[in-house]
Amino acid sequence: MLIRRETPADADAIRAVHSAAFAKADGDGVPVEATLVDALRADEGWLPAYSLVAIDPDGLVVGHVVATRALVAGEPVALGLGPLGVLPDWQRRGVGKALMHAVLGAADAHDEPLVVLLGHPDYYPRFGFRPAVELGVTPPQPWGPEYFQARPMHAWRESIRGEFRYARPFDEL
């Protein structure tokens with residue numbers, strides 16, 4: 001498996017990954033994650049360096065993760081991570097883990113101070129995430145603090161505190 005930045009030719013495959021990864025059990029409708037990435041690409045918060053795909057040995061896109069510019073207290077000092085999706089046949093095979101390590105490594109290499117996500121409290125702490133409120137970063141909606149998580153990076157500063165705002169397309173979900 002190879003992790004690389006997405007290219008324009010990957011857009012349909014990325015949409016298919018998120019459609020499959022987040023499909024509803026009843027098969028009804030297109031998951032919001034499948035169209036969210038397209039909306040993020042058109043937003044001013046889009047950062048191409050943080051849109052990564054996992055490629056299988058045959059060149060098939062089997063996973064995708066993206067992080068976009070986010071704000072804390074109105075300042076552009078954070079990344080909002082997500083969605084992260086993996087084709088069902090490739091789940092539980094390390095693809096999501098590899099994508100997570102790659103996007104966090106890219107964020108750290110670019111001196112991003114903070115990465116924030118909304119995710120399962122039993123899964124994301126293994127990547128250094130903890131409740132964002134412990135860092136003084138509050139959610140834009142009344143999400144449970146155990147789900148609204150943040151990972152301070154090497155460029156983290158104690159002064160980064162306040163309300164978190166994802167890129168605009170997240171507000172339209």
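1. The side chain of D171 makes a polar contact with the side chain of R165, at 3.0 Å. A polar contact here is a pair of N or O atoms within 3.5 Å; within protein, one must be able to donate a hydrogen and the other to accept it, and residues adjacent in sequence count only if both atoms are side-chain atoms. D171 lies in helix α4. Helices (H or I, at least four residues) and strands (E, at least two) are DSSP runs, numbered from the N terminus.

2. This is a predicted model, in which local features need pLDDT of at least 70 and side-chain atom pairs count only at pLDDT 80 or more, while totals for chains, interfaces and linings use all residues. Residues are numbered from 1 along each chain as its sequence is written, and side-chain values use heavy atoms, with hydrogens and water left out.

3. D171 is partly exposed, because its relative accessible area is 42% (buried means under 20%, exposed over 50%, partly exposed in between, with a 1.4 Å probe and protein chains only). From D171 to Q141 the C-alpha to C-alpha separation is 10.0 Å in space, and the two are 30 residues apart in sequence.

4. Both D171 and R165 line the second largest pocket, together with D43, E44, G45, R69, A70, L71, P76, Y166, A167 and R168. β3 (61–72) and α4 are the elements that give two or more residues to this lining, and β3 has the largest share, with three residues. The space in the second largest pocket is about 230 Å³. A pocket is found on a 1 Å grid over the protein atoms alone, as an open set of points where a 1.4 Å probe fits, with protein on both sides within 12 Å along at least five of seven lines; lining residues have an atom within 4 Å of a point. Grid points are joined across faces, edges and corners, and a volume is the space filled by probe spheres set on the points.

5. The class count for the second largest pocket is five nonpolar, one polar and six charged lining residues. Ala, Val, Leu, Ile, Met, Phe, Trp, Tyr, Cys and Pro count as nonpolar, Asp, Glu, Lys and Arg as charged, and the others, Gly among them, as polar.

6. The largest pocket holds about 900 Å³ of space. Its lining has 33 residues, of which F22, P83, L84, L118 and Y124 are the closest to the centre. By class the lining has 19 nonpolar, eight polar and six charged residues. β4 gives the largest share, six residues; α2 (32–41) and β5 (114–118) are among the elements that each supply at least two.

7. Q149, in strand β8 (residues 148–152), counts as buried because its relative accessibility is 1%. The Q149 side chain reaches the backbone oxygen of G119 at 2.9 Å and that of E146 at 3.4 Å. Leaving aside neighbours within four places in sequence, Q149 is in contact (heavy atoms within 4.5 Å) with residues including V115, L117, Y124 and F129.

8. S51 is found in strand β2 (residues 51–55) and counts as buried because its relative accessibility is 0%. Side-chain polar contacts join S51 to E6 at 2.4 Å and to H64 at 2.9 Å.
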